[in-house]
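Here is a short note to read alongside the model. Please keep the structure open and check each point as you go.

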Amino acid sequence: MRLLRSGAGGPVIVGSAENSDVLRLEGFLERNGHPHQRLDPNTDPCARALIEPFQVTSRELPLVLCPNGAMLRNPTEVELARCIGMVASLDPDRVYDVAIVGAGPAGLAAAVYAASEGLSTFVLDCRAFGGQAGTSARIENYLGFPTGITGAALMARAYNQAQKFGAEMAIPDEVGKLNMQTNAGCFRLIWPVLNRFGLGP
């Protein structure tokens, strides 16, 4: 939380604060609890000096400089997630006991309960963990928090708790279709980009 508040660490986004793609990328990182920095080339001479060697046009902004040294030109959320190590490589032949599509409060709760019972658990969300609850400034009617808690903090605890019990996360990632494999007695999740993942009975 301190890194998020201080704007230290993580990828550097180079672009104007009013740029819709800058807002999109910043929103994605904030929702996923990932620290980042933003430099505006219109007001920051260091940002201008940073992009001059690359001969970047305004259409190619924002640039994202990842901690591993890679540079992305106006990336998608998935491209950014891969660059900063948020998305792990998936084994298309792996069979899980439980797959949960959606990492909102209900999805994370299901992941905690399933993984804590020893079931192999896989959670996907196309945007970020926490759902709508993760954007709430303060939740005061949740059991165990009499003084209230921010939605982001509550959902981050649930996310960490699910991972503690061994639930695997794929965020951002999405499912295009669910197929029934009658011969194997299991379901198969079909990715929009032709990735596939197995789910046990």
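In which helix is the place of E77?

1. **E77.** E77 sits in helix α4. The model is a predicted one: local features need pLDDT of at least 70, side-chain atom pairs count only at pLDDT 80 or more, and totals for chains, interfaces and linings use all residues. Residues are numbered from 1 along each chain as its sequence is written, and side-chain values use heavy atoms, with hydrogens and water left out. Helices (DSSP runs of H or I, at least four residues) and strands (E, at least two) are numbered from the N terminus.

2. **Burial of E77.** Buried means under 20% relative accessible area, exposed means over 50%, and partly exposed lies in between (1.4 Å probe, protein chains only). E77 counts as buried because its relative accessibility is 19%. The E77 side chain makes a polar contact with the side chain of R24, at 3.4 Å. A polar contact is a pair of N or O atoms within 3.5 Å; within protein, one must be able to donate a hydrogen and the other to accept it, and residues adjacent in sequence count only if both atoms are side-chain atoms. Setting aside neighbours within four places in sequence, E77 is in contact (heavy atoms within 4.5 Å) with R24, F28, R127 and P172.

3. **P172.** This partner of E77 lies in the loop between β8 and β9 (177-181). P172 counts as buried because its relative accessibility is 3%. Beyond four places in sequence, the contacts of P172 include F28, V78, A81 and M86. P172 and R82 are 90 residues apart in sequence, yet 9.3 Å apart in space, C-alpha to C-alpha.

4. **Helix α2.** Helix α2 covers residues 20-31, 12 residues in total. From first C-alpha to last, α2 reaches 16 Å, close to the 16 Å expected at 1.5 Å a residue. That expected span is 1.5 Å times one less than the number of residues. At the start of α2, a side-chain oxygen of N19 comes to within 2.7 Å of the backbone nitrogen of D21. After α2 comes G33, with a positive phi near 65°.

5. **The buried residues of α2.** Which residues of α2 are buried? They are V22, L25, E26, G27, F28 and L29. They pack against β1 (12-14), β2 (37-39), β3 (63-65) and α4 (77-83). An α-helix has 3.6 residues a turn, so residues three or four places apart point the same way.

6. **The open sheet.** Three strands form an open sheet in the order β6-β7-β8, with parallel pairing. Its edge strands are β6 (98-101) and β8 (168-170), each pairing on one side only. Strands pair if DSSP finds at least two bridges between them. β7 (residues 121-124) and β8 are joined over 3 bridges. F122 stands opposite E168 in β8.

7. **The cores.** A nonpolar core is a set of buried Ala, Val, Leu, Ile, Met, Phe, Trp, Tyr and Cys residues joined through side-chain atoms within 4.5 Å. The largest has 19 residues, and L108 and M169 touch the most other members. α5 (105-116) and α6 (151-164) each supply at least two residues of this core. Its largest share, 5 residues, comes from α6. Apart from this core lies another of 13 residues, among them C66, L72, L80 and I84.

8. **The whole chain.** The protein chain has 6 helices and 11 strands. Of its 201 residues, 39% are buried.
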